[in-house]
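Please look over the sequence and the coordinates before reading on.

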Amino acid sequence: YPEIGIDISETMKAMDFLIDSGKVKQLGVCNMTVPMIKEVQRHTKQAIVCNQLHYSLECMEIVDKGILEYCQEDNPKEKKPAKLPKKRLQHQPAHYW
């Protein structure tokens, strides 16, 4: 997205139908910026529950472009990302394959 010749409103209507009919449980997107997420959200009644992005020490686009902050804001149509308890990260040995 945006794909030339593909109408996002038609795509989102199809996703609404799939969710309403029980064939799909939740709506997620991939590699979308904040303006893209907002545009997609305008065309669906469903909450976007996930935006899968590449994130590493070398690639911090999620922070630099404000995507993380936007997804963490209180928004009635969007779910907040689950927080990983700090205790799960403490005292974990590094694994090397």
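Is Arg-42 buried or exposed? Arg-42 counts as exposed, at 60% relative accessibility; the classes are buried (under 20% relative accessible area), exposed (over 50%) and partly exposed (in between), with a 1.4 Å probe and protein chains only.

The model is predicted, so local features need pLDDT of at least 70 and side-chain atom pairs count only at pLDDT 80 or more, while totals for chains, interfaces and linings use all residues. Residues are numbered from 1 along each chain as its sequence is written, and side-chain values use heavy atoms, with hydrogens and water left out.

**Fold and surface**

Five helices and two strands make up the secondary structure of the protein chain; these are DSSP runs numbered from the N terminus, helices being H or I with at least four residues and strands E with at least two. Their order along the sequence is α-β-α-β-α-α-α. The chain has 97 residues, and 22% of them count as buried. Among contacts (heavy atoms within 4.5 Å) with a separation of 6 or more, 46% join residues 24 or more positions apart. The accessible surface is about 8,000 Å², and carbon and sulfur atoms hold 56% of that area; the areas come from the Shrake-Rupley method with a 1.4 Å probe, and for residues only the protein chains shown count as cover.

**Salt bridges**

Side chains of opposite charge can pair when their charged atoms come close. The structure holds three salt bridges, each defined as a side-chain nitrogen of Lys or Arg within 4 Å of a carboxyl oxygen of Asp or Glu.

| Lys-13 | Glu-10 | 3.8 Å |

Lys-45 is exposed, with 55% relative accessibility.

Lys-13 and Glu-10 both lie in helix α1 (residues 8-20), three residues apart, which puts about one helical turn between them. Lys-13 is exposed at a relative accessible area of 52%, and Glu-10 is partly exposed at 47%.

Glu-39 and Arg-42 are likewise three residues apart, in helix α2, and about one helical turn separates them. The relative accessible area of Glu-39 is 24%, which makes this residue partly exposed.
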